[in-house]
Amino acid sequence: KSTLFNRMTASDVYADNRLFATLDPTLRRLRLADTEPLILADTVGFIRQLPHDLVESFSSTLEETRDASLLLHVVDAAAVDRDELMKHVDDVLQQIGADELPQLIIYNKIDRLENVQPKLERDQQGKICRIWLSAHTGEGLDLLRLALQEYFPEQLSAIESVN
């Protein structure tokens with residue numbers, strides 16, 4: 001998630017695949033062609049079976065998610081339990097009242113899968129709903145930029161990154 005954030009915003013936010021490696025939300029401007037700058041927020045990742053007292057500690061960060069115009073749900077495409085993890089995130093979003101927000105599913109780490117190329121998928125209304133990419137290699141980042149341009153053609157908006 002943080003690697004994707006860094007690639008998209010030319011930042012150097014600390015990124016590590018360890019529990020609690022990044023705790024503080026980070027905001028950066030992201031300028032796309034023909035749009036006003038977007039605000040991209042890298043938030044704390046979602047963790048299954050987090051002790052109740054720690055959930056309370058993160059509640060203010062999670063509640064800020066409700067103010068987002070679009071949720072970027074970053075999923076480890078190579079995780080064997082990715083569907084379960086996605087369900088957990090959806091459950092938390094429902095608990096904090098953010099389940100009705102538009103969501104763009106980003107399947108990251110396709111470089112760890114065989115024969116998976118960057119691609120985007122559209123829903124029945126023709127809106128981009130899923131993107132397959134690799135933040136590590138940079139493959140597919142152009143598709144994410146395209147999706148963001150479609151979602152935010154002109155206005156200044158906030159985007160919340162969750163995983």
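# Briefing on a predicted protein model

The structure is a predicted model, with a mean pLDDT of 77. Of the 163 residues in the protein, 44% are buried.

**Confidence and overall make-up**

- A pLDDT of 70 or more is reached by 60% of the residues.
- Residues 18-22 have a pLDDT below 50, and this stretch makes 11 contacts in the model beyond its near neighbours in sequence.
- Taking contacts between residues at least 6 apart in sequence, 65% of them join residues at least 24 apart.
- The protein exposes about 9100 Å² of surface, and carbon and sulfur atoms supply 45% of that area.

**The largest nonpolar core**

- In soluble globular proteins, nonpolar side chains tend to be buried together.
- The largest nonpolar core in this model has 18 residues, and the members that touch the most other members are Leu4, Leu70, Leu104, Ile106, Ile131, Leu133 and Leu144.
- At least two residues of this core come from each of the following elements: helix H1 (2-9), strand S3 (70-76), strand S4 (103-108), strand S6 (128-132) and helix H4 (141-151).
- Helix H4 contributes the most to this core, namely six residues.
- Leu4 is in contact with Val74, Ile106, Leu133, Ala135, Leu141 and Leu144, when its neighbours within four places in sequence are left aside.
- Apart from this core lies another one of nine residues, including Leu62, Val92, Leu93 and Leu101.

- In H4 the buried residues are Leu141, Leu143, Leu144, Ala147, Leu148 and Tyr151.
- Viewed down the axis of H4, these buried residues fall within an arc of 155°, so they line one face of the helix.
- Phe152 sits in the loop between H4 and strand S7 (158-162).
- Is Phe152 buried or exposed? Its relative accessibility is 3%, so Phe152 counts as buried.
- Phe152 and Ser69 are 83 residues apart along the chain, while their C-alpha atoms are separated by 9.3 Å.

- Ser69 belongs to the loop between helix H2 (52-64) and S3.
- With 32% relative accessibility, Ser69 counts as partly exposed, whereas Phe152 is buried at 3%.
- Ser69 also has Leu101 at a C-alpha separation of 7.0 Å, although 32 residues along the chain lie between their positions in numbering.

**Helix H3**

- Helix H3 (residues 82-95) has 14 residues, which at 1.5 Å a residue should span 20 Å; its end C-alpha atoms are 20 Å apart, so the two values agree.
- Met86, Val89, Val92 and Leu93 are the buried residues named in H3.
- These residues cover an arc of only 120° around the axis, which puts them on the same side of H3.
- Which exposed residues does the face of H3 turned away from its buried side carry? They are Asp83, Gln94 and Gln95.
- Just after H3 comes Gly97, with a positive phi of about 80°.

**The loop between S4 and S5**

- Most residues other than glycine have a negative phi, and most peptide bonds are trans.
- Lys109 lies in the loop between S4 and S5, and its phi is near 70°, a positive value in a residue other than glycine.
- Asn115 is in the loop between S4 and S5, and it has a positive phi of about 60° although it is not a glycine.
- Asn115 has a relative accessible area of 77%, so it is exposed.
- Glu114 is placed in the loop between S4 and strand S5 (119-122).
- The relative accessibility of Glu114 is 72%, so Glu114 counts as exposed.
- Glu114 and Ala78 are 36 residues apart in sequence, and their C-alpha atoms are 9.8 Å apart in space.

How values were computed:
Residues numbered from 1 in each chain as written. Heavy atoms only, no water. Buried < 20%, exposed > 50% of the residue type's maximum accessible area, 1.4 Å probe, protein only. Contact = heavy atoms within 4.5 Å. Areas by Shrake-Rupley, 256 points an atom, 1.4 Å probe, with all protein chains shown as cover. Helix = DSSP H or I, 4+ residues; strand = E, 2+ residues; numbered from the N terminus. Expected span 1.5 Å × (residues − 1). Arc of directions from axis to C-beta. Core = buried A, V, L, I, M, F, W, Y, C linked by side-chain atoms within 4.5 Å. pLDDT = per-residue confidence, 0-100.
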